[in-house]
Amino acid sequence: MFVLELTYTAPLDAVDAALTAHVAWLDEQYDKGLFLASGRKNPRDGGVILAVADSRARIEAVVAEDPFVTAGVCEYRVTEFTATKTAPELTRYRQSAG
């Protein structure tokens, strides 16, 4: 499982100009089963995505295609973690430690 933290690197008007394409990209990742949750940070200086994939390389490839990245308006911090405890709705994503 991965936590993807977006940090805006451009003014909000530039972010907003790429927002429609970014939301369409998010929808594609949800349809593929890669993203579980996403939203803006408060204050609005970026966002957070909870994702699942078989490898970090897969997540990094997906992130590189985000219209926010290709427009140069954000950077990503990718944190991989082992979800050893989850809410019942996320049981299928639970992993063993080790």
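## Basis of the analysis

The model is predicted; local features need pLDDT of at least 70 and side-chain atom pairs count only at pLDDT 80 or more, while totals for chains, interfaces and linings use all residues. Residues are numbered from 1 along each chain as its sequence is written, and side-chain values use heavy atoms, with hydrogens and water left out.

## Aromatic pairs

Rings of Phe, Tyr and Trp (its six-membered ring) are paired if their centres lie within 6.5 Å; planes under 30 degrees apart are stacked, over 60 edge-to-face, and the rest tilted. The count under this rule is 3 aromatic pairs. Y8 and F68 have ring centres 5.9 Å apart and planes at 85 degrees, so they are edge-to-face. This pair links distant parts of the chain, 60 residues apart: Y8 is in strand β1 (residues 2-8) and F68 in helix α4 (residues 67-70). Helices (H or I, at least four residues) and strands (E, at least two) are DSSP runs, numbered from the N terminus. Buried denotes under 20% relative accessible area, exposed over 50%, and partly exposed in between (1.4 Å probe, protein chains only). Y8 is buried at 15%, and F68 is buried at 1%.

W25 and F35 are also edge-to-face, since their ring centres are 5.4 Å apart and their planes stand at 70 degrees. W25 belongs to helix α2 (residues 19-31) and F35 to strand β2 (residues 35-40). Both residues are buried, and W25, Y30 and F35 form one aromatic cluster.

## The largest pocket

A pocket is an open set of points on a 1 Å grid over the protein atoms alone, where a 1.4 Å probe fits, with protein on both sides within 12 Å along at least five of seven lines; lining residues have an atom within 4 Å of a point. The largest pocket has a volume of about 170 Å³, a volume being the space filled by probe spheres set on the points, which are joined across faces, edges and corners. Its lining comprises 14 residues, of which Y8, H22, L26, G39 and R40 are the closest to the centre.

## Salt bridges

A salt bridge is a side-chain nitrogen of Lys or Arg within 4 Å of a carboxyl oxygen of Asp or Glu; the count is 5. R77 and E5 form one, with their closest N and O atoms 3.7 Å apart. R77 lies in strand β4 (residues 74-80) and E5 in strand β1, 72 residues apart. D45 and K41 form another at 3.7 Å, N to O. Salt bridges with shared partners join E5, K41, D45 and R77 into one network.
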